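Look over the sequence and the fold below. The report then takes the chain from its overall build to its sheet.

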Amino acid sequence: MTILITGASRGIGAGLARHYREEGARVIGTSRGAGAEARLDVTDPESHRALAAQLEGRALDLLICNAGVYLDKGEDLGTGFAAPLWAETFAANVTGVFLTIQALLPNLRLAETPKVAIISSQMASSTRAPGGSYIYRASKAAALNLGRNLAADLRGEGIAVGIYHPGWVRTDMGGAGADISTEEAVTGLAARFAALDLASTGCFETWDGRAHPY
């Protein structure tokens with residue numbers, strides 16, 4: 001089994017890479033810098049082309065789109081949320097997800113039961129709107145919408161797509177006061193990915209197996 005994980009140099013991505021290696025899977029972890037098997041800046045189309053060329057002809061069983069940023073934490077409504085933050089966030093959290101999937105579609109098509117897992121957030125849901133973090137929330141909502149539509153288009157090719165809330169995890173992004181450890185999130189997410197199939201494609205689920213409202 002071959003698995004590619006974006007944003008694999010730290011946090012949930014690094015935890016997932018470690019988990020799957022321990023299970024004996026061939027893991028290709030990507031990051032913008034050092035600390036992963038393959039270099040990938042998800043915001044850069046040329047970087048995607050280079051990765052696709054590197055992996056040409058290799059089947060990919062599971063693609064985990066994990067790379068993302070949270071740049072507007074703590075921004076003030078009156079003076080914050082500058083336009084560059086919007087552009088940078090959407091480039092990583094939305095466009096980056098699409099470009100990754102697009103670039104690696106030939107590899108997914110070579111697998112017997114290919115799957116795509118998109119790490120979104122409960123902050124994507126329109127049922128959770130407590131205010132603040134407008135850019136991050138909007139980007140994760142867009143990633144959720146993207147995943148749902150890709151699931152519809154790729155079903156006919158036998159490629160299942162799931163969208164997941166990883167929990168509020170104690171990582172650099174989640175902070176020390178978050179609810180669950182990286183290990184708990186990783187174990188739960190791996191179980192969700194294993195259960196993903198064409199019958200559940202397009203699902204939006206939490207790390208612990210609950211269907212999340214859109």
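Predicted model: local features only at pLDDT ≥ 70, side-chain atom pairs only at ≥ 80, totals over all residues.

The chain holds 5 helices and 7 strands. Read from the N terminus, the order is β-α-β-β-α-β-α-β-α-β-α-β. The radius of gyration is 16 Å, close to the 17 Å that the globule rule gives for 214 residues, so the chain is as compact as a globular protein of that length. Some whole-chain values are set out here.

| Property of the chain | Value |
|---|---|
| Span of the C-alpha trace along the principal axes | about 50 × 35 × 35 Å |
| Buried share of the 214 residues | 50% |
| Accessible surface | about 9800 Å² |

Carbon and sulfur atoms account for 51% of the accessible surface.

The 7 strands form an open sheet with parallel pairing, in the order 3-2-1-4-5-6-7. Strand 3 (38-39) and strand 7 (204-206) stand at its edges. Each has a single partner strand, so one side of each is left without a neighbour in the sheet.

One pairing can be followed down to residues. Strand 5 (residues 115-119) runs parallel to strand 6 (residues 160-165), and 5 bridges join them. Ala117 has Gly162 in strand 6 as its bridge partner.

Notes
Residues numbered from 1 in each chain as written. Heavy atoms only, no water. Helix = DSSP H or I, 4+ residues; strand = E, 2+ residues; numbered from the N terminus. Rg over C-alpha atoms; globule rule 2.2 N^0.38 Å. Buried < 20%, exposed > 50% of the residue type's maximum accessible area, 1.4 Å probe, protein only. Areas by Shrake-Rupley, 256 points an atom, 1.4 Å probe, with all protein chains shown as cover. Pairing = 2+ DSSP bridges.
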